[in-house]
Amino acid sequence: QLQLVESGGGLVQPGGSLRLSCAASGFTLNRYSMLWFRQSPGKEREGVSCITSASTNTNYADSVKGRFTTSRDNAKGTVYLQMNSLKPEDTAVYYCAAALWRSCGTIDVSSLDYWGQGTQVTVSS
């Protein structure tokens with residue numbers, strides 16, 4: 001079984017923070033860049049962030065730049081997305097995904113090897 005499981009989503013007020021986690025099982029993360037993408041009803045998938053296998057490069061969508069930070073712990077098989085200054089527009093299901101040897105020069109969500117079931121993030125007062 002090759003799985004990614006997201007957790008940490010929930011309801012938060014505008015301006016608040018959440019930390020999402022993504023746990024890998026059935027494979028190691030050593031060869032994979034890890035991405036976060038999100039999807040809201042009626043909208044296309046939006047790439048959020050990308051981090052290379054050794055954390056040597058990161059990339060963020062303009063909509064989240066300066067507010068979100070992705071990191072990883074390969075030994076734990078876990079990837080994180082720290083979300084600060086959350087806005088109602090951030091409301092979506094957030095997914096983590098693995099892509100083999102991705103440079104993260106772009107956040108490309110069209111060709112992914114694995115992704116999880118998603119975790120709901122709702123930003124509302």
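**Strands and rings in a predicted model**

The protein chain has zero helices and 11 strands (DSSP runs numbered from the N terminus: H or I of at least four residues for helices, E of at least two for strands). This is a predicted model, in which local features need pLDDT of at least 70, side-chain atom pairs count only at pLDDT 80 or more, and totals for chains, interfaces and linings use all residues. Residues are numbered from 1 along each chain as its sequence is written, and side-chain values use heavy atoms, with hydrogens and water left out.

Trainee: What radius of gyration does the protein chain have?

Mentor: The radius is taken over C-alpha atoms, and the globule rule is 2.2 Å times the number of residues to the power 0.38. For 125 residues, a compact globule would come to near 14 Å. The value for the protein chain agrees with that: 13 Å.

Trainee: What share of the 125 residues is buried?

Mentor: Buried means under 20% relative accessible area, exposed means over 50%, and partly exposed lies in between (1.4 Å probe, protein chains only). Of the 125 residues in the protein chain, the buried share is 46%.

Trainee: Is strand β8 largely enclosed or open?

Mentor: Strand β8 covers residues 78-83. Five of its six residues are buried, so the rest of the structure leaves β8 largely enclosed.

Trainee: Which strands pair with β8?

Mentor: Two strands pair if DSSP finds at least two bridges between them. Strand β3 (residues 18-25) pairs with β8 in the antiparallel sense over six bridges, and C22 stands opposite V79 there. Strand β7 (residues 68-73) is also antiparallel to β8, over six bridges, with S71 opposite Y80.

Trainee: Which residue in the hairpin of β7 and β8 takes a positive phi?

Mentor: The hairpin has four residues between the strands. A phi near 65° is found there at G77.

Trainee: How many aromatic pairs does the structure hold?

Mentor: Rings of Phe, Tyr and Trp (its six-membered ring) pair if their centres lie within 6.5 Å; planes under 30 degrees apart count as stacked, over 60 as edge-to-face and the rest as tilted. By that rule the number of aromatic pairs is four.

Trainee: How many residues apart in sequence are the parts that F27 and Y114 tie together?

Mentor: F27 and Y114 form a tilted pair, 4.7 Å centre to centre with 35° between the planes. F27 lies in the loop between β3 and β4 (32-39) and Y114 in strand β10 (residues 114-115), so the pair ties together parts separated in sequence by 87 residues. F27 is buried at 15% relative accessible area, whereas Y114 is partly exposed at 22%.

Trainee: Is the pair of F37 and Y95 stacked or tilted?

Mentor: F37 is buried at 0% relative accessibility, and Y95 is buried at 16%. The ring centres of F37 and Y95 are 4.9 Å apart and their planes are at 10°, so the pair is stacked.

Trainee: Which ring does the charged end of R45 sit over?

Mentor: A charge sits over a ring if NZ of Lys or CZ of Arg is within 6 Å of the ring centre and within 35 degrees of the ring normal. R19 lies over the face of Y80, at 3.9 Å from the ring centre. The charged end of R45 is 5.7 Å from the centre of the ring of W115.
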